[in-house]
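Please keep the sequence and the structure in view while reading.

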Amino acid sequence: MKFGDIRKKIGNIWSHYSYILVMLIIMIVYAITISANGNSFRWSHISSILSSQNTCIIGTMAIGMALIVITGQIDLSIGSSLVFTTSAAIVAFNMTNSVFAMIFTALLVGGLCGLVNGTLVGIAKMPPFIATMGTMLIYRSLALSVVRSMDTSLSGSTSSQFAMLREKSKYDVLRFKFGTGKLGFGNFAIPYITIVFILMIALFIFITKKTKYGKSIYAVGSNEKAAHLSGINTTFVKVSVFVVTGFLVGVASILQACKLGNITPASSGKSYEMYAIAAIVLGGVNMAGGRGNLLGVFFGALSYTTVNFIIVSIPSLSVDIQDTFQGLVLIVVIIIQTASPVIKQKIQTIKRRRQALAEEK
């Protein structure tokens, strides 16, 4: 095999699966950091990454964020939506002691939050950045206002937090058997919340790859006018991705409630929209819209969580400077993503010129 063919194959692998290579590089750095601290890298470290709140809860919301970004939009409200939706789900559980009521409330409230965002953006034609910035403030403010005025027998905690009541008979099922429980035996057991995240990834990979609706999402993000002329209801697509994201926030709120058992409106979910964007960027989703593989969101969530673990595992690193390293990683990855196509195009241009000169001679 010629060197040129090898280089071409490597280039194709990088362009299609860069998110896997990025994750492997980050994982190797994490293993080296663990070893430098005098410990050996084990499956328990990987299990911690898989069961992390950043991986499962933010990763589930990142699926929806990816769909929105692929259509050329943005959603800044998912962190506040998570707070509002989880609060409602916890209150529903405390009132009914019903798993079904909790799940139904989470999905309903999450979907309604997404519908509000989608209506403002898709029908009222507001800029997504402005519209979702407004709802970001509204959702958190509503949750904070309710928790301060609600009876503690419903909120389940003090006037600053919603918490699942331990006295309820279904608490142990949700909190310990599911929220912190695992499937399997020994060190190789997989957390239930991780399984839910993987199932969500698998479902939306199928939707985006195999359904007409999924293909229309990419079409709208690539060229909205062309998509409209081809018969796609672009308004419906733009509204629907926000609604779908709302349902995913509902799923994430169930995971949040079951894993932690509480939510604090004043502080929970802060910057989650940024973390979700970080996950999809590390997963190879193009922020300009039209391109991105949802499988990459899975690896992007793992990568982002691993970066956090690396930062925490460095004892000499100040807490105040940790966000700097997270920002640097994102900038480097985006530079690589944007530079690769440009470099590839320049190489192809140079090849064409050489071929033209060779033909002239």
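## Helix 12 and the residue after it

G261, which comes just after helix 12, takes a positive phi of about 80°. Helices here are DSSP runs of H or I with at least four residues, numbered from the N terminus. The model is predicted, so local features need pLDDT of at least 70 and side-chain atom pairs count only at pLDDT 80 or more, while totals for chains, interfaces and linings use all residues. Residues are numbered from 1 along each chain as its sequence is written, and side-chain values use heavy atoms, with hydrogens and water left out.

Helix 12 covers residues 234-260, 27 residues in total, and reaches 39 Å from its first C-alpha to its last. This is close to the 39 Å expected at 1.5 Å a residue, where the expected span is 1.5 Å times one less than the number of residues. Of its 27 residues, 23 are buried; buried means under 20% relative accessible area, exposed over 50%, and partly exposed in between, with a 1.4 Å probe and protein chains only.

## Packing of helices 9 and 14

Helix 9 (residues 192-210) and helix 14 (residues 294-312) pack at an angle of about 155°, and their axes are 8 Å apart. Axes are lines fitted to C-alpha atoms, for helices over the stretch in contact, and angles run from 0 to 180 degrees between N-to-C directions. The two helices are therefore roughly antiparallel, a label for angles over 145 degrees.

Contact means heavy atoms within 4.5 Å. Helix 9 contributes F197, I198, I201, F204, I205 and T208 to the contact, and helix 14 contributes L294, L295, V297, F298 and A301.

## The nonpolar cores

A nonpolar core is a set of buried Ala, Val, Leu, Ile, Met, Phe, Trp, Tyr and Cys residues joined through side-chain atoms within 4.5 Å. The largest one has 68 residues, and I63, M65, F204, I280 and V297 have the most contacts inside it. Helix 3 (residues 53-70) supplies the largest share of this core, twelve residues. Another core, of 17 residues, lies apart from it and includes V83 and Y171.

## Two individual residues

S77 is found in the loop between helix 3 and helix 4. S77 is buried, with a relative accessible area of 0%. Not counting residues up to four places away in sequence, S77 touches N117, T132, T135, M136, Y139 and E273.

F178 belongs to helix 8 (residues 171-179) and is partly exposed, at 25% relative accessible area.

Notes:
Angles under 35 degrees count as roughly parallel, over 145 as roughly antiparallel, 65 to 115 as roughly perpendicular and the rest as oblique.
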